[in-house]
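Okay, thanks everyone, let's get going.

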Protein chains: 2
Amino acid sequence: MDAMTTTPLSPELLQRIDAYWRAANYLSVGQIYLFDNALLKEPLSREHIKPRLLGHWGTTPGLNFLYAHLNRLIKEHDLNLIYVTGPGHGGPGLVANVYLEGTYSEVYPEISQDAEGLQRLFKQFSFPGGIPSHVAPETPGSIHEGGELGYSLSHAYGAAFDNPDLIVACVVGDGEAETGALATSWHSNKFLNPKSDGCVLPILHLNGYKIANPTVLARIPHDELDSLLKGYGYKPHFVEGDQPEQMHQLMATTLDACLKEIQQIQHAARVEGVTERPCWPMIVLRSPKGWTGPHEVDGKLCEGSWRSHQVPLGEMHTNPGHVKILETWMKSYRPEELFDETGRFKPELQELAPAGQKRMGANPHANGGELLRPLKLPDFRDFAVDVPSPGTVTAEATRVMGKFLEETMRQNLDSKNFRLFSPDENNSNRWQDVLDVTPRAWDAETLPTDDHLGSNGRVMEMLSEHQCQGWLEGYLLTGRHGFFSCYEAFIHIVDSMVNQHAKWLKVCNHIPWRRPIASLNYLLSSHVWRQDHNGFSHQDPGFIDHVVNKKAEVTRIYLPPDANCLLSVTDHCLRSRNYINVVVAGKQPSLQWLKIDEAVRHCELGVSIWKWASTDQDAEPDVVMACCGDVPTLETLAAAELLREKLPKLKVRVVNVVNLMKLQDASQHPHGLTSSEFDVIFTSDKPVLFNFHGYPWLIHRLTYRRNNHGNLHVRGYVEEGTTTTPFDMCVLNRIDRFHLVKDVIDRVPGLAPHCAYLRQEMDERLSEHREYIRKYGDDPAEIRDWKWGDR
Amino acid sequence: MDAMTTTPLSPELLQRIDAYWRAANYLSVGQIYLFDNALLKEPLSREHIKPRLLGHWGTTPGLNFLYAHLNRLIKEHDLNLIYVTGPGHGGPGLVANVYLEGTYSEVYPEISQDAEGLQRLFKQFSFPGGIPSHVAPETPGSIHEGGELGYSLSHAYGAAFDNPDLIVACVVGDGEAETGALATSWHSNKFLNPKSDGCVLPILHLNGYKIANPTVLARIPHDELDSLLKGYGYKPHFVEGDQPEQMHQLMATTLDACLKEIQQIQHAARVEGVTERPCWPMIVLRSPKGWTGPHEVDGKLCEGSWRSHQVPLGEMHTNPGHVKILETWMKSYRPEELFDETGRFKPELQELAPAGQKRMGANPHANGGELLRPLKLPDFRDFAVDVPSPGTVTAEATRVMGKFLEETMRQNLDSKNFRLFSPDENNSNRWQDVLDVTPRAWDAETLPTDDHLGSNGRVMEMLSEHQCQGWLEGYLLTGRHGFFSCYEAFIHIVDSMVNQHAKWLKVCNHIPWRRPIASLNYLLSSHVWRQDHNGFSHQDPGFIDHVVNKKAEVTRIYLPPDANCLLSVTDHCLRSRNYINVVVAGKQPSLQWLKIDEAVRHCELGVSIWKWASTDQDAEPDVVMACCGDVPTLETLAAAELLREKLPKLKVRVVNVVNLMKLQDASQHPHGLTSSEFDVIFTSDKPVLFNFHGYPWLIHRLTYRRNNHGNLHVRGYVEEGTTTTPFDMCVLNRIDRFHLVKDVIDRVPGLAPHCAYLRQEMDERLSEHREYIRKYGDDPAEIRDWKWGDR
């Protein structure tokens, strides 16, 4: 390889970069091990060593090596560059680097640039009351939590979208590279526009081992790896070896070459008008795991083996030999050349780092809230469905939402800060109108028969929920806005990613310098009740159960019963910050209930009594029929109408819940109703029949503290379903109108003895309907065409 | 390409294979559309057409094409071959084929091989009371539900492990190929042993479009795709075109070539002793989406476009033109040449299919329960920890389990029907002893420093929870046994896969011919309470919340409090069938509570009063202290001891729950306690302080029907954590002994006024401990070395 022979670094610069790297390595080891004696001015003894050694050394020297070289690149070319650390368990490395460049002390002044600060830096790492062992929200310069592996590259692409001047250097660990999410995220290059987006420079770090196993990509032949990366559409540059001097020259040469290629690609696209998908450069860094660490410990290979994954030397408090090895190891970095007498990093080294916001730790893109501008939002009322009276007109709620998003997209086209994300379900979920304003992003080959594709598109569709989620997270974390539409059942694919984002937000809420970012918004459509055509595999409303386990301060869940409520909720979500907003709404033509002003009011309240549907005017009801979710609302109203006809004296109160967290106690969730507010609506002693969109137990979990919980009877999805009709889905799970009427008869004290006839009638209606459905394959007209107030 | 010019099929055979394909296509279209007039003996009219058209045509003709050609291959070479359908929404195709080959009528006699059977076959598809629209458990020959995309290839590899004579043809859709799970599953070839495993023949079906978008792999240059697949380690064979005659010859040539390569590879490995990882063949089939369907509809391209994804002709009941198109389309398959007067598939065509169990729909590997042999299990008591008295000795529970698994592995080595799966966490979760019996499976390059790798290994480790899950599912579904060990937090990565497997099992329970398979067993370790070192990102006990939403008949959850209980539970899980068993257990050295016989009895009961820890002998207690999970159990016992010392007259009952589903009512879960059983243990009116491993709300969700629910106070993980000490994790979430004592004071009526001093003492102890932890970075000795009965 040519690069082997070029020497872009002068001997003096090479020396200094190596010293910078040694300094970062020194600080990394110090953080993992030392409690005290940070500069090793005294002989190292066990008293200086932390009682519990928690951290990951293996990946760290490689991360430090890259950081030092990227510093040079940024400084030499005045680049705008951020660093995404896939192997984010290498936390000490990133902390070391942002400390060396000065960012850390600016953000955390107590970790000062002197001996005392160094000592605090070492002690706090992985220490109770200190900082986590991984790259975390607490680490300046990071948009990527270093815990769960797999999402670095999609985060990096998300950050690069609409940031034409940004380069996102993204280190992908070879362990991480085995995950599914990462394996498909290489294809993100087919969705990046070289003209208006920035660039991602993936750096696959082959250090050969995971916790206990070799990595797949480190153990396939060189040609095969080369072929794989070319197949993913990249031009790989290999930097391989373990001799620092050679590796410094090679890395410098390679980074220069990559930058040149990036600039050529961008010039071609931006100036010459080339429209073909470019072949972006990437780097493969093959270096020993635990590079520069102890080569052998107790006769066993350590450097270059899985043994250096975490803390390569244990038993520090019982094995004095290990203390000696540690001291030798740390001294091999020659700290006396790196830090002055006061413990300050030597200025001639520190100046290798860029200054101000060009420092990777201080780049505002890595603290996206700093760059966040609110969306321009049209008045959602302009998109309202005209509802002359409840339950008489139909609309497709998500299509109406799509119109609102279309206009939102239009008004923010110039700002380039809004995108929609979906795994090939944008149109299926009825957001197709937005394509009239912007196409789907697509930088691969197109054919004349394709529908709305364009390299400048702002609708992101790849058949991978992981990519949608990862791109969106990266986009939000760098200060922009978005909405993710997904089939309800398959959003579970990203359960674990949602966990990590929720945890990130929760921690950020307590870090003053982390500025709020736009909320992560989900529309879950094609939901459980209307996946009658795809069947059982597509029926799972449990994502909201998953989300409510995260901190109340970051989670919000809405189930608007109709299009106008959905509009109001959508507007609210787009304005909110630092939340995870889950919106569940159907796409099929459905009856509409509320005029837009009523909808706004209802959504503001989150839960309210629908007086027009109730028969308890100004009195205590005999029964509360509560509903949450569009299909359960329909069935509850149909049941209420049946009761009005059949039992005109029964006082029925209909309650609709749009904001699910209203059900939780005010002490548990900021949206929660107080106990007395709850009792005013749900009574303290009347039967409450709650018809719910999701698994019924979720309602119990949210309301078990309520006074009237003993009277609460919940219907919901009980994991019964198949390919059938919409109404049959309801019947299978007993959320249908006829079962509800039977429930009322059974639950209202004293009613059952007088209503045997009505129970029987309901059973007959159920039988007739099921018979009809099984015979004709469709719901009876009585059901399909039912409207409120027909009778 | 050479293949283009060879013609392995005689004109007569080509003709017949084409007819077979037409028959499958005819039946597929018929299933999607027709209600009646199955053989088109009358002119087609709207009365013959289903009211709701539900199904997917686009992928179906390609699936049918492959099935017909695989039939030839099986028959000509007497192969043992199963078919995994990644694009399983192409349900009508698979149903059509298993009908044509005769399997379907054997399993479902009412769907007979005559006109009446045909009519029923058509009507039942996607029809209420009929069969689902996707390939489902109801479809003979399938081990792969066709709903969620992404898992076909890992299922296929799971099926191939330890089945040396089996070929698993696995169709991967180009939509599915974009998912993360699929993208990494290509690398499964580094874990397959050509000597003792079977072979997977991946067939990437490029039909170009998803629901509304082109697919990535169909729109990258040919060279790039070729490079990608070679990079994944395969030798791709391309079959591309749309002219049936040419495509038949090409596919036949290619399948012959692939089979030859497979046989050469297997011969080399099995006879010649070649040990290098082979380069397995694979096929890329590029054919038009909706191939042979209407080319244009209403002036818009249909065949070869995304418009043929689902039902290419809508409005059948309002647009007579469409009825005409459908009739023309169906007649283009010339049904009169395919079916005789009685509606029977012509024998000269049917004989193209293999016979008996060689038919893909009848292969017993696709109904794994038929092949299932029970594991030989050593007596788990032989691995028991000696516990002279409760809480005096320590053990690492999962390491003890690992010893039991080691011996189980040893006893079943010859049977080749047991494997362990883990995403690089086998050793971290303390199962390393099993490596003394069998190495980790690894067929890529090895180095001398590697630890226990071997191509014949039975421990499957790839850093992808998706692969572990997918391989294990494939392995179980073909009649073998396994256990999956995973970090508790990251098992959420496969939430959605677990959903699908739970749904599969639920449906299978109601299909008489589906024989029970071994349960899917999880060990979740490195759990929330002992991820104090990796921090917040690794702390999530919510997987059990996810699992309890699935049907009670298939889910089981165990939280053994110590090693002996874990042994008993493990033995039970390995003997069970058709369940998802989730076992949560820690790996760190912990106090042991029960002798093995006590443990067995406790696990049989699932929940019991620990009399030795209680002070309510033969009386009603003042308070019930319940615990579930190893760390909460430790803290509860420590609290009980404090109470015994400080408030010797207080009658405390200690209850431990090992089988979580005991808490649910007997009417809700087969393991559930009856109401009176529950009351005997938990009382009907005393305060119950429940210290729980997971999110506290789960306990409320399980117990809200219980008489004493109003007195139930649950502590658990409330999403607080970071890198800290084990005890600090407990304190942060208030499950520690001192908070528990305070809880008792607050909850036992009348206690608080007399115990202000004790409350204060507890607060002081908490402060002291937190101060110590923050100063020394470790838990105080009083906590670390605490044993039961010390005082």
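So, chain A splits into three domains: domain 1 covers 11-39 + 47-366, domain 2 is 390-590, and domain 3 is 609-785. Keep in mind that what you're looking at is a predicted model.

Let's start with how domains 1 and 2 of chain A sit against each other. Their C-alpha centres are 33 Å apart. On the domain 1 side, 37 residues are in contact, and they meet 32 residues of domain 2. Between them these two domains of chain A bury about 2,900 Å², with carbon and sulfur atoms giving 58% of that.

Okay, over to the chain A and chain B interface. Here 119 residues of chain A touch 119 residues of chain B. The two chains bury about 9,600 Å² between them, and 54% of that is on carbon and sulfur atoms. If you look at the chain A side, the residues losing the most area to chain B are A:Arg52, A:Arg219 and A:Trp697, but together they make up 7% of what that side buries.

Now for the helices, all in chain A. First pair: α1, residues 11-33, packs with α10, residues 320-331, at an angle of about 155 degrees, and the axes are 9 Å apart. Since anything over 145 degrees counts that way, α1(A) is roughly antiparallel to α10(A). The crossing of these two is left-handed. From α1(A) you have A:Tyr26, A:Val29, A:Gly30 and A:Tyr33, and they meet A:Leu326, A:Trp329 and A:Met330 of α10(A). By class, that contact comes out as six nonpolar residues, one polar and no charged.

The α17(A) side of the contact is A:Asn564, A:Cys565, A:Leu567, A:Ser568 and A:Val569, while α18(A) brings A:Ile596, A:Ala599, A:Val600, A:His602 and A:Cys603. That gives seven nonpolar residues, three polar and no charged ones for α17(A) with α18(A).

That's my tour, so over to you for questions.

Key: Residues numbered from 1 in each chain as written. Chains lettered and ligands numbered in written order. Predicted model: local features only at pLDDT ≥ 70, side-chain atom pairs only at ≥ 80, totals over all residues. Heavy atoms only, no water. Axes fitted to C-alpha atoms, helices over the stretch in contact; angles between N-to-C directions. Helix = DSSP H or I, 4+ residues; strand = E, 2+ residues; numbered from the N terminus. Parallel < 35°, antiparallel > 145°, perpendicular 65-115°, else oblique. Left-handed = near helix turned anticlockwise from the far one by under 90°. Contact = heavy atoms within 4.5 Å. Nonpolar A, V, L, I, M, F, W, Y, C, P; charged D, E, K, R; others polar. Domains from an automatic or database assignment. Buried area = accessible area lost by both parts, 1.4 Å probe.
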